Amino acid sequence: MAGGTENQMSKQTEFLKKEKILHLATIDEKNSPHIVPVWYMYSAKKIYVGTNTKTQKAKNVKKHRKVSFCVDVGVNAPNIFGVMGRGTAKLLKEKKTVNRIAKKILLRYFKSLNNKSAKELLDDTDCIICLLYTSPSPRDLSTSRMPSSA
């Protein structure tokens with residue numbers, strides 16, 4: 001059974017490394033969910049999202065560290081796959097760290113950081129949301145397959 005769990009974890013890890021859009025859910029000042037699609041990078045069981053401290057998601061993480069996320073693909077069964085998880089997030093604000101991680105994130109979406117849009121995004125990024133979650137378990141990280149009647 002352990003082999004099946006390892007294979008599932010490997011599939012989830014590869015999926016998170018490959019996909020490009022993550023839906024990040026934070027808690028706002030009224031304790032309501034705030035969900036936004038974001039660019040991200042997955043590395044060593046952590047998810048990194050570049051942003052600006054003025055954004056709602058960064059303000060939310062500063063006050064409420066609990067977050068959840070979902071990355072999914074597909075519209076028609078059986079080609080629907082997704083990974084969701086919960087954890088705690090923190091804001092990284094040290095300039096060198098932010099710049100280093102932001103560049104890695106942007107290079108997932110741009111061929112070069114010389115692109116005008118890439119430069120603007122890099123200049124605007126003054127923090128990184130670092131999402132930490134424990135080893136996946138059915139409660140914390142699950143693979144979801146939606147039934148065709150959903």
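Which residues of helix 2 are buried? In this predicted model, they are K57, A58, N60 and V61, within a helix that spans residues 56-63. The report starts from the overall layout and returns to that helix below.

## Overall layout

The protein chain has 150 residues, and 37% of them count as buried. Its secondary structure comes to 4 helices and 8 strands. From the N terminus on, the order of elements is α-β-β-β-β-α-β-β-α-α-β-β.

Among contacts in the protein chain with a separation of 6 or more, 67% link residues 24 or more positions apart.

## Helix 2 and its cover

The buried residues K57, A58, N60 and V61 cover an arc of only 160° around the axis, so they sit on the same side of helix 2. The face turned away from that buried side carries K62 and K63, which are exposed.

Included are strand 1 (22-27), strand 2 (33-38), strand 4, strand 5 (66-73), strand 6 (81-92) and strand 7. The pairing of these strands comes next.

## Strand pairing

Strand 1 and strand 2 run antiparallel and are joined by 6 bridges. Here H23 stands opposite P37 of strand 2. The two strands form a hairpin with 5 residues between them.

Strand 3 (residues 41-43) pairs with strand 4 (residues 46-51), again in the antiparallel sense, over 3 bridges. M41 has Y48 of strand 4 as its bridge partner. This pair is also a hairpin, with 2 residues between the strands.

Strand 4 is joined to strand 7 as well. That pair runs antiparallel, with 6 bridges. T51 stands opposite C127 in strand 7.

Strand 5 and strand 6 pair over 8 bridges in the antiparallel sense. D72 faces G82 of strand 6 in this pairing. Strand 6 is joined to strand 7 too, by 5 bridges, and these two run antiparallel. In that pair L92 stands opposite I128 of strand 7.

## C130 in strand 7

C130 lies in strand 7, which covers residues 127-132. Is C130 buried or exposed? Its relative accessible area is 2%; the cut-off for buried is under 20%, so C130 is buried.

Leaving out residues up to four places away, C130 touches K46, I47, Y48, T88, A89, K90 and L92. Two of the strands above supply these contacts: K46, I47 and Y48 fall within strand 4, residues 46-51, while T88, A89, K90 and L92 fall within strand 6 (81-92). One contact shows the reach in figures. I47 and C130 are 83 residues apart in sequence, yet their C-alpha atoms are 5.8 Å apart in space.

## Helix 3 against helix 4

Two packed helices are described by the angle between their axes and the distance between the axes. For helix 3 (residues 95-106) and helix 4 (residues 116-124), the axes come within 10 Å and cross at roughly 150°. Angles over 145 degrees count as roughly antiparallel, and therefore helix 3 and helix 4 are roughly antiparallel to each other.

The crossing of helix 3 past helix 4 is right-handed. Helix 3 makes the contact with N99, A102, K103 and L106, and helix 4 with A118, L121 and L122.

## Backbone points to check

Two loop residues have positive phi. N31 is in the loop between strand 1 and strand 2. Its phi is near 60°, a positive value in a residue other than glycine. N31 is exposed, with a relative accessible area of 57%.

A44 lies in the loop between strand 3 and strand 4. A44 is not a glycine either, but has a positive phi of about 50°. The relative accessible area of A44 is 64%, so A44 is exposed.

Where is P78 placed? It is in the loop between strand 5 and strand 6. The peptide bond from A77 to P78 is cis, with omega near 5°.

Methods:
Residues are numbered from 1 along each chain as its sequence is written. This is a predicted model: local features need pLDDT of at least 70, side-chain atom pairs count only at pLDDT 80 or more; totals for chains, interfaces and linings use all residues. Side-chain values use heavy atoms; hydrogens and water are left out. Buried means under 20% relative accessible area, exposed over 50%, partly exposed in between (1.4 Å probe, protein chains only). Contact means heavy atoms within 4.5 Å. Two strands pair if DSSP finds at least two bridges between them. The arc is that of the directions from the helix axis to the C-beta atoms. Axes are lines fitted to C-alpha atoms, for helices over the stretch in contact, and angles run from 0 to 180 degrees between N-to-C directions. Angles under 35 degrees count as roughly parallel, over 145 as roughly antiparallel, 65 to 115 as roughly perpendicular and the rest as oblique. A crossing is left-handed if the near helix is turned anticlockwise from the far one by less than a right angle, and right-handed if clockwise.
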